[in-house]
Structure formats: C-alpha cells, structure tokens
Protein chains: 2
Amino acid sequence: MTQELFARYSFLLDRTARKVKQYAQQQFKHGDFDVTVDQWLILKNLSENGHLSQTELANLVFKDHPTLTRILDLLCKKGYVERVPHPQDRRSFQLHLTDNGIAKVTELKPKVLEIREKAWENLNETDFEEFKRILNTIYQNLDGQILEE
Amino acid sequence: MTQELFARYSFLLDRTARKVKQYAQQQFKHGDFDVTVDQWLILKNLSENGHLSQTELANLVFKDHPTLTRILDLLCKKGYVERVPHPQDRRSFQLHLTDNGIAKVTELKPKVLEIREKAWENLNETDFEEFKRILNTIYQNLDGQILEE
DNA sequence: TTCATATATTTGTCACACTAACAATTGGTA
DNA sequence: TACCAATTGTTAGTGTGACAAATATATGAA
C-alpha cells in the first residue's frame, strides 16, 4: 500500500516550507531589514507592478484579503506603501511604494537573492525544474476543489 | 543568471504548502473531524509512540515547544489527550491518548489518508522520491545554520 | 550542602492564515 | 428611478509559528 508512504509528503512539505521561511526571517532580522518575509513579498511585487488594487495584488501573491489588509497596514505604518483612493471606484485603493519603499526594495533585492540561494546548494537546474513541476501539479490537484454534499 | 529563477522556489513552496493545509483543513471541517490538521498530526504521533514527553514529541513533529504546549492544551480540553506527571521527573509530563483519543485516531486515520492522496493525482512514485529528496536537501541546507557576527 | 547550570514547560508578544460577518459602493435590471 | 446582487475592503475570532523570557525542577561540581 503506497497510501501511507505518500501521506508523508504533507509533513515534509510543511516542515521544509517552515524552515525556508524561518531561515530567511532570521537572516532578515540579522541584517536589520525592518520587514518580515511576507512583507518583502508584497514590496517586491509592488515594485514590479505599479498601482495595483488590493484585490489584484492578492491574486498575484496568492494571499487572502484579510491577510493582505494587515500586511499592508504594517507596511503603510512603516512608511513603505501608500493607499491612494481610486479615482473612479471609491471602494478600492491604488497601492504604490513611497520613496522609502522604493529605496528599501533597491537595498534588499540583492541581499534577498543571496539568502534564497543557500537552499539550493547540492541541487541543480534539473532538480529545480522537477521541483517546480511537482509543486505545481500538487497545487493544481487541490485548487478549485468544490465541496458539496 | 539563475539566481532570480531559483529564488522563485520559496514562493512556490510556500504557496503549495498553504494549499495542501487549506485543502485538508476544509475536508476536516466538512467531515466534522473536530480537530485541526496540526492537532491531527499530534494525535497520530501519539498513537504511534506511547508515552512521550512534550520535548520528545516536539522533536518528532518539528514543532517548537510553545506551539506544542498550546496544541496540547486544546487537545486536552477536547478530551483526546492527557498529561500524566512523570514519575521520576516532576518537570515533565508523559502524554497519552484517552479512550476518546484512541477512538478518534481509529476513526480518522483512513479518512485522512484518502484526503492526502488527492494531491498525488498525475504523479507517480518516482516523482515522490524526487520530491522527498529535494525537500530534504533544502531542509538540510538551511538547518543548523548558526548566526554569528 | 550549596550554588551554578541545564532541562521541561509555560507565558507573552507579534505576525500570518482562514472563516465569517460587515460596511460601503457599484452596476445591472425591473 | 428603485431595488438588489456582486464587489472591495475591513474587522473579529481562532489557530498556528517564531522568539524571548519566566518558572519550576533536576543535576553535578565545589
């Protein structure tokens, strides 16, 4: 029976994802980056895509709306992001980086790449392609599964 | 430069791990399992290893001590686990499942395996071995990295 | 014995994920 | 025009993760 064997994937996946985040967060803290790993993800995506709404950004980074609201609250408080009222739709905001935010992204970008590289010691590009393929397959297998009863 | 490319792994890893957890938690809820995914991990490990201390259990499931304390608080409140004072060492407890806890594990075990299987559609055992190898390599690359300065 | 050190667990704080409920606004339709 | 369903974003509640610090007990050396 391979069922028992396969079931271990969730444990290993969770354990590794936590370790990756924990390692990066330690390095962030050690280098006084002044942002968390998740906050960095938001800053980076805002720097690569100008003037998104929160919904657009949420879809881009695969975070839900309440989580994004709170991360943005913190980034606004730190002065890296601003919520600009949307000219046509008064329900929504256009998000953009402040000058401080832009400077922060410029400063951190190379440092983050260096931190991320550590995980791939002893692994090559073929491994990466395999890894990507399997992760995406799992994601798609579970995505959009409607529950009915 | 492959640096940028590689850096995407953390995003995909995090995204997939969250999806896996979210999917399982939905199914748990839908089936009225009365436990969360993390609580299930604890129950399962307690059923496979009798009379662990919290420290031993924490090492087994790779959760830190405060997190484990809180999960156990909930499981005790639900009546699935008991903390029995260690006969020799008054600092520690021996954990064991109550009768309800044992029944819960028996009830849920096949259901959880079925839920877990969903992720591996379109993937085979070779994929699983590759996946395991890469995850474990990443974990080891980042584990035990001491920070100094 | 006494003190320093180590170990087991708990508590507090902050951040994030998910659900549910809510307010405000928009846009289609009767 | 007057509804009403859908959309955008927020808030509250619960669970979990990481980290630091506190508490209690144990152990070993002086």
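**Helices and salt bridges**

Just after α5(A), Gly79(A) takes a positive phi of about 85°. The model is a predicted one.

User: What distance separates the end C-alpha atoms of helix α5 of chain A, and what span should its 13 residues have?
Analyst: Helix α5 of chain A covers residues 65–77. At 1.5 Å a residue, its 13 residues should span 18 Å. The end C-alpha atoms agree with that expectation, being apart by 18 Å.

User: Why do the buried residues of α5(A) lie on the same side of the helix?
Analyst: The buried residues of α5(A) are Leu68(A), Ile71(A), Leu72(A) and Leu75(A). They are on the same side because the arc they cover around the axis is only 100°. In general, an α-helix has 3.6 residues a turn, so residues three or four places apart point the same way. For α5(A), the arc behind this is only 100°.

User: Which elements of chain A do the buried residues of α5(A) pack against, and which exposed residues are on the face turned away?
Analyst: The packing partners of the buried residues are α3 (37–48), α4 (54–61), β1 (81–85) and β2 (93–97), in chain A. The face of α5(A) turned away from its buried side carries exposed residues, namely Arg70(A) and Lys77(A).

User: Which residue of chain B forms a salt bridge with Lys19(A)?
Analyst: The closest N and O atoms of the pair are 2.9 Å apart, and a salt bridge needs them within 4 Å. Lys19(A) lies in helix α2 (residues 8–30) of chain A and its partner in the segment after α6 (125–142) of chain B, so the pair joins two chains.

User: How many residues apart are Lys111(A) and Glu107(A)?
Analyst: Their side chains meet in a salt bridge, with N to O at 3.6 Å. Lys111(A) is partly exposed with a relative accessible area of 35%, and Glu107(A) is partly exposed with 35%. Both lie in helix α6 (residues 99–117) of chain A, about one turn of the helix from each other, which is 4 residues apart.

User: Which parts of chain B does the salt bridge between Asp73(B) and Arg83(B) tie together?
Analyst: The closest N and O atoms of Asp73(B) and Arg83(B) are 3.0 Å apart. Asp73(B) is partly exposed, at 34% relative accessible area, and Arg83(B) counts as partly exposed at 24%. The two residues lie in parts that are 10 residues apart in sequence, so the pair ties together helix α4 (residues 65–77) and strand β1 (residues 81–85).

User: How many salt bridges does the structure hold over all chains, and how many disulfides?
Analyst: Among the salt bridges is a network that links Lys21(A), Asp38(A) and Lys63(A). The total of salt bridges over all chains is 27. A disulfide needs two cysteine sulfur atoms within 2.5 Å, and by this rule the count over all chains is 0.

User: Where does α5(B) bend, and which proline follows within four residues?
Analyst: Helix α5 of chain B (residues 99–117) has 19 residues and reaches 28 Å from its first C-alpha to its last, close to the 27 Å expected. The buried residues of α5(B) include Val105(B), Leu108(B) and Val112(B). The bend is about 35° and is at Leu108(B), and the proline that follows within four residues is Pro110(B).

Key. Residues are numbered from 1 along each chain as its sequence is written. Chains are lettered from A and ligands numbered from 1 in the order in which they are written. This is a predicted model: local features need pLDDT of at least 70, side-chain atom pairs count only at pLDDT 80 or more; totals for chains, interfaces and linings use all residues. Side-chain values use heavy atoms; hydrogens and water are left out. The expected span of a helix is 1.5 Å times one less than its number of residues. Buried means under 20% relative accessible area, exposed over 50%, partly exposed in between (1.4 Å probe, protein chains only). The arc is that of the directions from the helix axis to the C-beta atoms. Contact means heavy atoms within 4.5 Å. The bend at a residue is the angle between axes fitted to the seven residues ending there and the seven starting there.
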